[in-house]
Each structure stands twice: as structure tokens, then as C-alpha cells.
Amino acid sequence: MSLKDKLAIIKNNLVSVIPVSTNITTTAESSLVSFDDMDSELDLLLKEEKNGSLLKTKINFVKDVIRFIVVLDISNSMTGTEEDIYLGLQDLINKHKDDNILLNFIAFNDDRYILLDDVAISTAKVSLISANGGTDLNGTIDYVIKEKCKSGINLLVTISDGEDTENRVQTNAVRETLISYKNSNNHFYFLGEPNFSQKPEDVYEQARKLGFSDENISVFTRKGNGNKLNFAVISDMLEELIYYGKISDSWSKPIKEHYLALTDRKC
């Protein structure tokens, strides 16, 4: 059977190219079926069909569970975004409740709160958070990477609107940790909102110093339900990781367009 024939069958919801695991597992070793191991024609067909009917059927190149990790700033400066965060995360959970995802929700101010720890997304429950206190950004990122990204497929997204104020872990140490854990199964992203003293380029520079790659950084604005939009975009990123085993380079486009539309700053 040709690849085109297989794709046609998939689009007609008859079979899946790769068996999809229906049970949550916490096995230490997870793997991706890379496009490098497949015919380039299928890769091209998938890209062509990305906005078409193919998305109606999941083709899981990810064999095992995805650990999705939200690292969320709940310092005092995040006040006013609590409802957006709750609604956005709840929508994400509802959309992915049938997927093979372990949800981790780590909030931080001048302390750290493990709100969800490897919870199957189908059973995850979230509550409205309260924002107050300082910002232990560096220490939290360093801790989470070391604790959660040792094995398996991991999507870690940090959302913050400020710089570290606690100085428990130096920026260079976080960078060393993040870079040492970078591999094809660990996906590290940073969403930053410029505070009153920052420009958009300051957010990028801050994230770069922490070890994040330029293509995995974006500025956002809380205006116009911006934090809810963040989680809608993250939900799409999860979808791409499930469908294709990778996240597109254009992941941040909706967030950046929203930022440009509602601020007078360039990004």
C-alpha cells in the first residue's frame, strides 16, 4: 500500500498508522518515531494536510505518555490574571482529557507550590489561584527541570511577568541545567510579559540567559485575556506534539499578534 493510500485511509477515519496507547503510563523510557525514520513523502503529506481534514484523526507519533509541565509565576505582579489562568488551563484540560498526558502544575512566588504532580489529565482538577509575594523564577525552573525532565517526553512551559527577586539560584546555574537537559524529548518554552521597567527585548534577553532558545521564547500581554490565550496556544502545541512528535516554529504567532494588537511595543 502506498503512503498516499495510507493517508487516505487515515483521513477516512478507518485505521491509524501507529497504534495509540490508551492507558496512562509512567514508564521511564519514552520514544518518538521521528520523521527521519519515515519516508519524506509522508512528512510532506502531513505538512500539506496540517490545516485540512487530517487533523480530525490523531496520528500519534508519540508512543508513550507526554508529561506537560506548567511553571507559573503567581507573584504579586500577576494579580488580575488569576481568572484568565484558571479558565485557560481548564479549557486545555477539557480539550485533552482523552489524551495520554500527565499534567504537572507548579506555581511560584517567593515560595514553590506543587499543585499537580504527574496527574492524568483526565482526572486533573484546578482551582483559582491567588497571586502575591516575590518571584523565585530561577530556583523554580532549576528545580522543575531536574525533578521532571530526567526521562520521557516533556513539554515545559514557563509563564512569568518579571525577573527573579529571590536570588536562590544564579542565572548561569539555571542555564547550565537547562542546556544539560536539552534533547529531542525535552521541549522548553518561555512566555514572558515585560514588566513596567522592561522592553520586549529584555524578556528575550532574560530567557536567553536562562538557556531558552530564541525560537522557544515569546512575549505576551495580559490585556484582552492574554493569559487565557497563552493556554489556548499551549493546547495547540500539545496537539502538534501528539500528532507529529514535534512543535511547529510558528507556535507563538497568535500570542505575538495579540501582543502587537494591544500594545504599542514591537516584539
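## A term needed at the outset

The axis of a helix is a line fitted to C-alpha atoms over the stretch in contact, and the angle between two axes runs from 0 to 180 degrees between their N-to-C directions. The model discussed here is a predicted one.

## Two pairs of packed helices

With this term in hand, helix α3 (residues 82-95) and helix α7 may be considered: their axes come within 7 Å and cross at roughly 20°. Because angles under 35 degrees count as roughly parallel, α3 and α7 are roughly parallel to each other. The contact involves several residues of α3, among them Ile85, Leu89 and Leu92, and several of α7, among them Asn227, Phe231 and Leu238. The crossing of α3 past α7 is right-handed.

A second pair is formed by α4 and α5, which pack at an angle of about 25° with their axes 9 Å apart. This angle makes α4 roughly parallel to α5. Here α4 passes α5 in a left-handed crossing. From α4, the residues Asn138, Ile141, Asp142, Ile145 and Lys146 meet Thr171, Ala173, Val174, Thr177, Leu178 and Tyr181 of α5.

## Overall architecture

The secondary structure of the protein consists of eight helices and six strands. Along the sequence, these elements follow the pattern α-α-β-α-β-β-α-β-α-β-α-β-α-α.

The protein has 267 residues, of which 52% count as buried. Among the contacts with a separation of 6 or more, 81% are made by residues 24 or more positions apart.

Which residues of helix α5 (residues 171-181) are buried? They are Val174, Thr177 and Leu178. These residues cover an arc of only 95° around the axis, which puts them on the same side of α5.

The buried residues of α5 pack against α4 (137-148) and β5 (186-192). On the face turned away from this buried side are the exposed residues Asn172, Glu176 and Ser180.

## Gly192 in strand β5

Strand β5 includes Gly192. This glycine has a relative accessible area of 2%; because buried means under 20% relative accessible area, Gly192 counts as buried.

Gly192 also brings together parts of the chain that are separated in sequence. Gly192 and Ser160 are 32 residues apart in sequence, while their C-alpha atoms are 5.1 Å apart in space. Not counting residues up to four places away in sequence, Gly192 touches Ser160, Val203, Ser218, Val219 and Phe220.

Asp161 is located in the loop between β4 (153-160) and α5.

With which side chains does the side chain of Asp161 make polar contacts? One is the side chain of Ser77, at 2.8 Å, and another is the side chain of Arg222, also at 2.8 Å. Leaving aside residues up to four places away in sequence, the residues touched by Asp161 include Asp73, Ser75, Met78, Glu193 and Asn195.

## Asn227 in helix α7

Asn227 belongs to helix α7 (residues 226-244), one of the helices in the α3 and α7 pair. Its relative accessible area is 0%, and Asn227 is buried.

Apart from residues up to four places away in sequence, Asn227 touches Met78, Thr81, Asp84, Ile85, Ile159, Phe220 and Thr221.

Asp118 is not a glycine, yet its phi is positive, at about 50°. This residue is placed in strand β3 (residues 112-120). With 26% relative accessibility, Asp118 counts as partly exposed.

Asn225 likewise has a positive phi, of about 60°, although it is not a glycine. Asn225 is found in the loop between β6 (217-219) and α7. Its relative accessibility is 46%, and Asn225 counts as partly exposed.

Note on methods: Residues are numbered from 1 along each chain as its sequence is written. This is a predicted model: local features need pLDDT of at least 70, side-chain atom pairs count only at pLDDT 80 or more; totals for chains, interfaces and linings use all residues. Side-chain values use heavy atoms; hydrogens and water are left out. Buried means under 20% relative accessible area, exposed over 50%, partly exposed in between (1.4 Å probe, protein chains only). Helices (H or I, at least four residues) and strands (E, at least two) are DSSP runs, numbered from the N terminus. The arc is that of the directions from the helix axis to the C-beta atoms. Contact means heavy atoms within 4.5 Å. A polar contact is a pair of N or O atoms within 3.5 Å; within protein, one must be able to donate a hydrogen and the other to accept it, and residues adjacent in sequence count only if both atoms are side-chain atoms. Angles under 35 degrees count as roughly parallel, over 145 as roughly antiparallel, 65 to 115 as roughly perpendicular and the rest as oblique. A crossing is left-handed if the near helix is turned anticlockwise from the far one by less than a right angle, and right-handed if clockwise.
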